[in-house]
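Here is a set of questions and answers on one structure. Take each in turn with the coordinates open.

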Amino acid sequence: MQNEKFQIRTYGKSELAMLYFPRHSTEAAMRNFRVWLEVNPRLRHLRKVKGYFFTPRQVAMIVEEVGQP
């Protein structure tokens with residue numbers, strides 16, 4: 001994704017985690033991503049999001065806090 005501009009759109013949780021942790025297994029990327037969400041007070045509420053996807057608004061919040069993958 002280095003040559004492409006990151007788009008704010010709906011992402012699967014594991015898909016977004018893999019963008020942030022591309023060298024990890026899916027399970028490890030998800031685990032690390034959940035830790036990021038837990039330790040950041042502005043993102044902590046996203047840990048409890050039901051379902052398999054983050055909305056564009058939620059993705060924008062994540063990118064604002066931790067930067068683009």
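Buried means under 20% relative accessible area, exposed means over 50%, and partly exposed lies in between (1.4 Å probe, protein chains only). This is a predicted model, in which local features need pLDDT of at least 70 and side-chain atom pairs count only at pLDDT 80 or more, while totals for chains, interfaces and linings use all residues. Residues are numbered from 1 along each chain as its sequence is written, and side-chain values use heavy atoms, with hydrogens and water left out.

Q: Is Y20 buried or exposed, and at what relative accessibility?
A: Y20 lies in helix α1. Helices here are DSSP runs of H or I with at least four residues, strands are runs of E with at least two, and both are numbered from the N terminus. Y20 counts as buried, because its relative accessibility is 11%.

Q: Which geometry does the ring pair of Y20 and W36 have?
A: Rings of Phe, Tyr and Trp (its six-membered ring) pair if their centres lie within 6.5 Å; planes under 30 degrees apart are stacked, over 60 edge-to-face, and the rest tilted. The centres of Y20 and W36 are 5.3 Å apart and the planes stand at 70°, so the pair is edge-to-face.

Q: Which residues do ring pairs link into a cluster?
A: The structure holds 6 aromatic pairs. Ring pairs build a cluster from Y20, F21, F33, W36 and F54.

Q: What is the angle between the planes of F6 and Y11?
A: Both residues are buried. Their ring centres are 5.3 Å apart. The pair is stacked, with an angle between the planes of 5°.

Q: Which charged residue sits over the ring of Y11?
A: A charge sits over a ring if NZ of Lys or CZ of Arg is within 6 Å of the ring centre and within 35 degrees of the ring normal. K13 does this over F54, at 5.6 Å from the centre. Over Y11, at 3.9 Å from the centre, the charged end belongs to R9.

Q: What does F33 contact, leaving aside neighbours within four places in sequence?
A: Contact means heavy atoms within 4.5 Å. On that basis F33 is in contact with L16, A17, Y20, F21, F54 and I62.

Q: Why do the buried residues of α3 lie on the same side?
A: The buried residues are Q58, V59, I62 and V63. They are on the same side of α3 because the directions from the helix axis to their C-beta atoms cover an arc of only 135°.

Q: Which exposed residues does the opposite face of α3 carry?
A: The buried residues of α3 pack against β1 (11–12), α1 (13–20), α2 and β2. The face turned away from the buried side carries R57 and E64.

Q: Which residues do salt bridges that share partners join into one network?
A: The structure holds 4 salt bridges. R44 bonds to E38 at 3.6 Å, and R47 meets E38 at 3.0 Å. The network is E38, R44 and R47.

Terms used:
A salt bridge is a side-chain nitrogen of Lys or Arg within 4 Å of a carboxyl oxygen of Asp or Glu.
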